Amino acid sequence: VAESSLLESLGNYDELSSHGEDIRFYLRDGFAGYSQELSVVTDQLDICASTNPSLQDRSAAQLFDAGLIVDTMMTGRRGESDSVTADGIPVKNFCYPIENASGETTGVLYVRADLSDVKALLAQSRLLFIQTTVIALLATVVIGFFLARSITAPINELTLTAKQVSQGDFSKPAPVRSNDEIGQLASMFNTMEEKLEASLAEISGEKNKLSTILQYMADGLIAVDLAGELIHANPAARKMLGVGESDLISDYTYESILGHLSPEMEFHRLLEGCREGGASATFAYGAITFAVRYDRFKDEEGQDVGIIIILQDITERQKLEDMQTDFVANVSHELKTPLTNIKSYTETLLDGAMEDPETCSKFLGIIDSEADRMNRLVRDLLQLSRLDHSQNRWNIKESNVIPLLEVCMTKMDMMAGQKHQQLNALFDRRSEIRVQIDRDRFEQVIINILSNAIKYTNEGGRIDVDAYAQSGQMKVIVQDTGIGIPAEQLPRIFERFYRVDKARSRAMGGTGLGLPISKQIVEELHGTIEADSVEGKGTKITITLPLAMRRGVPNIE
Ligand code: ADP
């Protein structure tokens, strides 16, 4: 404002240089206390007046920014610049054009503002700013550090716990230090950890249960995938199929262990069977009979994953069933034969044969012996059945077998005598061989064996009976010089109804049950009975029983 009124007053002069005195006076009056230095510069670049007397009448070109002045004069527009005086003081220069009434630029008003104070102030405030910034920064860093730590420390602890959990260590819960979001996260994590641990324990419990069941189940279990690769085989299956306990299951394929055993078990047949909702099969492989059931198993999404095959070794069961069927057939047959005979003889008698006393008594004799046979058969069957069902009361006592053998031999003496056979006792009659037996039953065994020896030995043959104790066991041996038993039939003579020569046995009054009954009795007494024979030479039957013990020592004298 001051400058513009000054400019207006200066514009009243057509020319400035000739009014230097007036202008100086005017400046001294009007701007004595003015903070900035004001100078009037003529178009000749002379300083015609100034608030700074030392500049009076000096050349503006040397003291001021000549370029700025010339520029202002030429363009008639206000300008400004920064410079430094000869004394080294930083100044701000403003240059305003002075125009007279006719619009010509007669000179310029040059204003210089001393910037050294401003600069100092600026420098001071810059320093202050920097200091404040640095302090603020430091404070931010420190606060930030602690703030970050207060957030990251619990997260780090949580991360560590998560890592331990991922390695299966559920022992340490994550610490909950606050009630904020992180604290809640930690406590949620702990809840999750507990649930996870509980589910894992449950799963592993189930898994253990399942693997124990698989381990100890008597049936074989095999799992295969849909490509026929084996996934699992339990110990029972390995045993049945000849896969070593420590062999890798991946070294085998389904076809190599099971598929080749029977056409029914080929893998494509299995897949077909599974399509119809599982199937079962029974097949024999060598001496073993297998019963197999199989069906597919699925994953969680209900997709077929593979096939589970359950294998049962039913050889024994099958054998037993066969034996039972055979037994019933045998019993019926054995009972039917005497019955048919009795029936036909009675019919013949009723038809008139009765009239002839000789024929009558002959036929009645036959009927009588057939009835005896049936009687024997039924008696033996009853005894077997009682032995089978352990219905008999056993009267087991410690007894000396020597007198028992003598009694049996006396009983059989007559039968042997009729066939002119020698019945020899090879044992020492004074010795004592004590065993735990039911006397009546053991006597029955000896009688059975002796009567067999007599039956199957021709006239004039000989039968030796020996008995001795050997390494804690008693042996009774009955050796005959009879017809013997063909080697291939020897293992079968202890089977029910098995007879080498049916006709001969029947003629001798045999039932085919004597040896099976004897074997059952001996086994019940914890002993064994064995037969050795040479066809045409003779047969040797050996009974072995454990000796009676007294104070842990075999009781013999
Ligand atoms: P059985 O009533 O027919 O004698 P067993 O069970 O006592 O029946 O004997 C079975 C078969 O064993 C007999 O039929 C006979 O063929 C044979 N056997 C038993 N003992 C002898 C023996 N000492 N010598 C020859 N064969 C025998």
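Trainee: Does Phe363 count as buried or exposed?

Mentor: Buried means under 20% relative accessible area, exposed over 50%, and partly exposed in between (1.4 Å probe, protein chains only). Phe363 has 13% relative accessibility, so it counts as buried. This is a predicted model: local features need pLDDT of at least 70, side-chain atom pairs count only at pLDDT 80 or more, and totals for chains, interfaces and linings use all residues. Residues are numbered from 1 along each chain as its sequence is written, and side-chain values use heavy atoms, with hydrogens and water left out.

Trainee: How many aromatic pairs does a search of the whole structure find?

Mentor: Rings of Phe, Tyr and Trp (its six-membered ring) pair if their centres lie within 6.5 Å; planes under 30 degrees apart are stacked, over 60 edge-to-face, and the rest tilted. The search finds seven pairs. One of them joins Phe283 and Phe290: 5.4 Å centre to centre, 40° between the planes, hence tilted. Phe283 and Phe290 are both buried.

Trainee: How are the rings of Tyr345 and Phe363 placed?

Mentor: Their centres are 4.8 Å apart. Their planes meet at 75°, so this pair is edge-to-face. Tyr345 is in helix α10 and Phe363 in helix α11, so the pair ties together parts 18 residues apart in sequence. Tyr345 is partly exposed, at 24% relative accessible area.

Trainee: What span does helix α10 reach from its first C-alpha to its last?

Mentor: Helices (H or I, at least four residues) and strands (E, at least two) are DSSP runs, numbered from the N terminus. The expected span is 1.5 Å times one less than the number of residues. Helix α10 covers residues 315-350, 36 residues in total, and reaches 52 Å. That is close to the 52 Å expected. After α10 comes Gly352, with a positive phi near 130°.

Trainee: Which residues in α10 are buried?

Mentor: Thr315, Val331, Glu334, Pro338, Ile342 and Leu349. Their cover includes strands β9 (288-298) and β10 (304-313). It also includes helices α11 (357-388) and α14 (502-507).

Trainee: Where is Arg238 found?

Mentor: Arg238 sits in helix α7, residues 235-241. At 13% relative accessibility, Arg238 counts as buried.

Trainee: What is Arg238 in contact with, leaving aside its neighbours within four places in sequence?

Mentor: Contact means heavy atoms within 4.5 Å. On that basis, Arg238 touches Ala233, Val243, Gly244, Glu245, Ser246, Asp247 and Ile249. Take Ile249: it is 11 residues from Arg238 in sequence, and 9.3 Å away in space, C-alpha to C-alpha.
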